[in-house]
Amino acid sequence: MSDKPPLPLALAYLIDALNAWLGKACAWLTLFLVIGTAIVVVLRYGFGIGATALQEAVLYAHALVFMGAAAWVLQRNGHVRVDIFYQNFSGRRQALVEVLGNLLLLYCKYEYYDLAADVLAENAHLTYKYLS
């Protein structure tokens, strides 16, 4: 008997490992968010200098933190729930709530990406989204 897991299980382990790595990398982006935002504020209000490119970098990093780390948080079962009703549900009903919640999350992500693609397509002529 072989010690290697079957191919689908090995693939699932690989996806889990990549998901954890991406989530940890996205979590470290929060440090950039704090430093980048502080620099933008100091430049703007301290020196009167606009840093449009840095503002956009912070904006996109913020989106990446939430969208990139969402799967990692879900993998670690760290997402926020309102446990008023959930804690009293049976295991089967809790599983149903999890499945429906995950499907809703996927639908919302899809709609967000679709909206973002439309906005970018309409404003493809703009170099920067923030005009200051």
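Modeller: Of the 132 residues in the protein chain, 15% count as buried, where buried means under 20% relative accessible area, exposed means over 50%, and partly exposed is in between (1.4 Å probe, protein chains only). Keep in mind that this is a predicted model, where local features need pLDDT of at least 70, side-chain atom pairs count only at pLDDT 80 or more, and totals for chains, interfaces and linings use all residues. Residues are numbered from 1 along each chain as its sequence is written, and side-chain values use heavy atoms, with hydrogens and water left out.

The chain has four helices and zero strands, counted as DSSP runs (H or I, at least four residues, for helices; E, at least two, for strands) and numbered from the N terminus.

Now for your close look. Helix 1 covers residues 7–47 and helix 2 covers residues 52–75; they pack at an angle of about 150°, with axes 7 Å apart. Those axes are lines fitted to C-alpha atoms over the stretch in contact, and angles run from 0 to 180 degrees between N-to-C directions. Helix 1 and helix 2 are therefore roughly antiparallel, since angles over 145 degrees get that label, under 35 count as roughly parallel, 65 to 115 as roughly perpendicular and the rest as oblique. By class, their contact has 18 nonpolar, nine polar and three charged residues. Here Ala, Val, Leu, Ile, Met, Phe, Trp, Tyr, Cys and Pro count as nonpolar, Asp, Glu, Lys and Arg as charged, and the others, Gly among them, as polar.

Let's zoom in on A63, which is found in helix 2. A63 is partly exposed, with a relative accessible area of 26%. A63 and C26 sit 37 residues apart in sequence and 9.9 Å apart in space, C-alpha to C-alpha.
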